[in-house]
Amino acid sequence: MSNVAIYGSCVSRDAFSFRANEHVVVGYFARSSWISQDAPSVPCPDRMTDSLSGFAARTVRDDVEKLVISKIVKASPDVVVIDLIDERFALVPGLGTWLTLSAYLQETAFGVGLVKSNDLLRPLTDERSRRFSDAVSRLTHRLHKSLPNTVWVIHRAFYATKVLSTGGGRGFTDTQIDVAKNMNRTLARWYDQLEVALGATVIEVPGELVVADPDHRWGLDHFHYIGQYYDLFIDRLDSIANGRW
């Protein structure tokens with residue numbers, strides 16, 4: 001049995017609930033960019049998250065106050081699984097720091113005013129890539145120093161461009177597929193940087209299984225995969241955790 005922390009998105013978290021497995025998830029940290037976590041910590045304003053549920057409120061507070069790295073360290077996991085799908089969100093300056101403009105933040109009264117900001121830092125820009133690279137350099141140094149015996153696993157998750165055919169006729173539009181391909185090119189570069197910085201083991205599920213499931217519990221999206229994807233991911237994580245990789 002291994003204690004696992006996740007810094008990423010549902011693409012990693014969903015795998016652990018797909019089937020019985022030997023891992024215990026001791027922390028799940030989502031909806032917060034590496035750039036945001038590397039930015040100055042500020043207090044989350046009183047009542048800012050009152051409109052949100054428990055998980056959503058926590059992710060917004062973790063993002064504003066930059067708590068993800070310290071919480072991972074406190075959990076002292078055997079394994080940390082990292083994916084970058086939540087880097088899809090734009091970043092925006094606010095409260096004297098960078099904030100991840102997640103769907104949860106946009107549900108708050110404060111976040112509503114940020115959506116139309118002229119200063120949005122979107123994923124597919126050179127400036128975003130530069131800031132991501134700087135953040136990875138600094139944060140991975142903190143993680144290595146604080147957790148010298150932890151196993152680092154990068155889940156190289158990508159946007160699916162194909163949808164499982166179930167006879168319902170639902171699929172991605174040509175525009176959505178183009179966006180997905182552009183995101184995947186950027187994600188590939190960022191995963192490469194993270195792998196080098198962490199000295200991590202990589203899990204990348206074969207492309208033929210990177211298929212979106214229209215009947216996924218969270219609905220159809222580029223990163224809501226078919227069951228075989230999660231099954232293979234857990235098999236490979238089992239091997240890593242047991243020293244067989």
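1. Helices here are DSSP runs of H or I with at least four residues, strands are DSSP runs of E with at least two, and both are numbered from the N terminus. This is a predicted model, in which local features need pLDDT of at least 70 and side-chain atom pairs count only at pLDDT 80 or more, while totals for chains, interfaces and linings use all residues. Residues are numbered from 1 along each chain as its sequence is written, and side-chain values use heavy atoms, with hydrogens and water left out.

2. Overall form. The protein chain has nine helices and nine strands. Its radius of gyration is 18 Å, close to the 18 Å that the globule rule gives for 245 residues, so the chain is as compact as a globular protein of that length. The radius is taken over C-alpha atoms, and the rule is 2.2 Å times the number of residues to the power 0.38. Along the principal axes, the C-alpha atoms fill a box of roughly 45 × 45 × 35 Å.

3. Of the 245 residues, 52% are buried (under 20% relative accessible area; exposed is over 50% and partly exposed in between, with a 1.4 Å probe and protein chains only). Contact means heavy atoms within 4.5 Å. Among contacts between residues at least 6 apart in sequence, 71% join residues at least 24 apart.

4. Charge. The chain carries 27 positive and 29 negative side chains, and the centres of the two sets lie 3 Å apart. Lys and Arg count as positive and Asp and Glu as negative, without His and the chain ends; each charge is placed at NZ of Lys, CZ of Arg, CG of Asp or CD of Glu.

5. Aromatic pairs. A search of the whole structure finds eleven aromatic pairs (ring centres of Phe, Tyr and Trp, the last by its six-membered ring, within 6.5 Å; planes under 30 degrees apart are stacked, over 60 edge-to-face, the rest tilted). Phe132 and Trp190 form a stacked pair, 4.7 Å centre to centre with 25° between the planes. Phe132 lies in helix α7 (residues 126–146) and Trp190 in helix α8 (residues 174–198), so the pair ties together parts that are 58 residues apart in sequence. Both residues, Phe132 and Trp190, are buried.

6. A second pair on α8. The ring centres of Phe158 and Tyr191 are 5.5 Å apart and the planes are at 75°, so this pair is edge-to-face. Phe158 sits in the loop between β6 (151–155) and β7 (162–163), and Tyr191 is in helix α8, 33 residues away. Phe158 and Tyr191 are both buried. Elsewhere, ring pairs link Phe18, Tyr225, Tyr229 and Tyr230 into a cluster.

7. Ser9. This residue is in the loop between β1 (2–8) and α1 (10–18), and at 0% relative accessibility Ser9 counts as buried. Beyond its neighbours within four places in sequence, Ser9 contacts Tyr28, Arg31, Asp83, Ile85 and Asp86.

8. Thr150. The loop between α7 and β6 holds Thr150, which is buried at 10% relative accessibility. Not counting residues up to four places away in sequence, Thr150 touches Pro77, Asp78, Val79 and Val80.

9. Lys66 has a phi near 60°; Lys66 is in the loop between α3 (54–65) and α4 (68–75) and is buried at 9% relative accessibility. Leu95 also has a positive phi, about 60°. Leu95 lies in the loop between β4 (91–94) and β5 (97–100) and is partly exposed, with a relative accessible area of 33%.
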